[in-house]
Amino acid sequence: DLDSDNDGINDIMEAGGIDLDGNGMLDTLEVLVPVDADGDGILNQNDIDSDGDGIYDIVESGMFYTDLNGDGRVDGIDTDRDGIQDEADGISGVFGDLYDKDAIDTDGDGIRDFEDLDSDDDGIDDEIETSSDFDLDMIANYLDDDSDDDKISDLIETANDQDGDGIPNFLDLDSDGDAISDLIETNADYDLDGIANYLDLDSDNDEMLDSKEGEGDNDKNSFADFVDPQTFVPEIFTPNNDGVNDLLFIRGLKNFPNASLVVFNQWGMIVYDSKGAYMNDWDGTFRGESSSTILEKLPEGVYFYILNHNRTDSPQFSKPQTKGNFYIKP
């Protein structure tokens with residue numbers, strides 16, 4: 001029997017030999033030693049899954065043989081009774097002469113796919129990738145360098161599950177679960193924190209989650225909000241020494257380390273002036289013309305502010321200041 005397990009890969013090929021014409025006969029004069037690639041006690045020529053990765057050899061061979069019942073064996077008849085089904089037989093096969101009879105080695109590492117545990121050399125075992133075609137591009141996952149077609153290679157995404165949703169990153173269209181697709185976030189690292197955007201829950205380091213900011217462009221500056229650094233002044237400030245919200249904390253100052261803050265009351269009087277970088281340390285105490293003059297706590301009411309960002313080194317930081325108001329409730 002020249003193909004003992006009827007997987008379309010002739011026995012001599014499964015033993016490491018060459019049979020380019022697919023007639024089941026060795027093309028060279030070497031002496032072959034049968035191998036058991038996965039060490040399961042079944043020699044390759046009798047094993048329909050030689051590397052034990054859960055993908056049949058008939059699939060990994062790359063020869064496109066027919067296996068309608070999915071049993072890992074070539075369908076049809078063996079006209080010349082040489083053990084090779086006609087479809088896989090280089091002599092009597094109807095389709096045999098259309099295909100290269102040597103099993104493929106996708107990643108060119110010298111190990112043919114049916115013996116290779118990582119056929120596309122992307123760092124993810126074939127057993128994990130499987131022969132499914134997730135993105136429906138006619139390339140099985142175990143051979144596809146971008147299985148989910150998000151323009152980030154499987155080699156980069158890996159089989160980790162960043163968001164813990166049970167879908168590995170290489171198949172997850174939203175690897176960090178922030179409701180913004182990997183295709184949009186890309187593998188870039190906007191805030192240079194060592195975490196790629198598609199895995200970063202705060203891609204612009206402005207202390208607002210990407211899931212909250214979204215992919216819109218609220219200020220119409222041509223930058224999506226999740227990579228458009230902003231500052232966020234709270235609407236209510238409660239400096240009552242209860243340990244909660246006692247200091248005016250402005251989110252996003254990490255990106256604007258030189259930002260300065262001026263606060264006015266309803267009559268336009270300056271009640272606080274950081275006179276330099278604001279350090280998120282104001283406790284609601286009146287501070288007049290001199291920051292060293294400390295008086296009593298400000299009364300309850302609406303106060304207005306101007307936050308000067310003092311940074312214009314790139315388009316995303318081009319907004320010079322923000323203005324608004326907040327309510328102080330002691």
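A salt bridge joins the side chains of D273 and K275 in this predicted model, with 3.7 Å from N to O. The term stands for a side-chain nitrogen of Lys or Arg within 4 Å of a carboxyl oxygen of Asp or Glu, and the structure holds five such bridges. K275 is partly exposed, its relative accessible area being 49%; here buried means under 20% relative accessible area, exposed over 50%, and partly exposed in between, with a 1.4 Å probe and protein chains only. Residues are numbered from 1 along each chain as its sequence is written. Because the model is predicted, local features need pLDDT of at least 70 and side-chain atom pairs count only at pLDDT 80 or more, while totals for chains, interfaces and linings use all residues; side-chain values use heavy atoms, with hydrogens and water left out.

Another of these bridges pairs K297 with D283, at 3.8 Å from N to O. This pair ties together distant parts of the chain, 14 residues apart: K297 sits in strand β5 (residues 294-297), and D283 in the loop between β3 (270-273) and β4 (285-287). Such helices (H or I, at least four residues) and strands (E, at least two) are DSSP runs, numbered from the N terminus. Both partners are partly exposed, K297 at 34% relative accessibility and D283 at 23%.

A further bridge connects K329 and E300, whose closest N and O atoms are 3.7 Å apart.

L298 is buried, with a relative accessible area of 8%. Setting aside neighbours within four places in sequence, L298 is in contact (heavy atoms within 4.5 Å) with V271, W282, G284, T285, F286, Y303, I328 and P330.

F64, in the loop between α2 (57-60) and α3 (126-129), has a positive phi near 60° without being a glycine, and F64 is exposed at 63% relative accessibility. L192, in the loop between α5 (182-185) and α6 (210-213), is not a glycine either and has a positive phi of about 55°; L192 is exposed, with a relative accessible area of 73%.

F64 is also part of the lining of the largest pocket, together with I58, V59, G62, Y65, I104, S131, M138, I139, A140, Y142 and L143. On a 1 Å grid over the protein atoms alone, a pocket is an open set of points with protein on both sides within 12 Å along at least five of seven lines, and lining residues have an atom within 4 Å of a point. About 250 Å³ of space lies in this pocket, the volume being the space filled by probe spheres set on the points. Its lining has ten nonpolar residues, two polar and no charged.

As for confidence, the mean pLDDT (the predictor's confidence in each residue, from 0 to 100) is 90, and 94% of the residues reach 70 or more. Over residues 92-100, however, the pLDDT is below 50, and this stretch has 13 contacts in the model beyond near neighbours in sequence.

Methods
On a 1 Å grid over the protein atoms alone, a cavity is a set of points where a 1.4 Å probe fits but cannot get out, and a pocket is an open set with protein on both sides within 12 Å along at least five of seven lines; lining residues have an atom within 4 Å of a point. Ala, Val, Leu, Ile, Met, Phe, Trp, Tyr, Cys and Pro count as nonpolar, Asp, Glu, Lys and Arg as charged, and the others, Gly among them, as polar.
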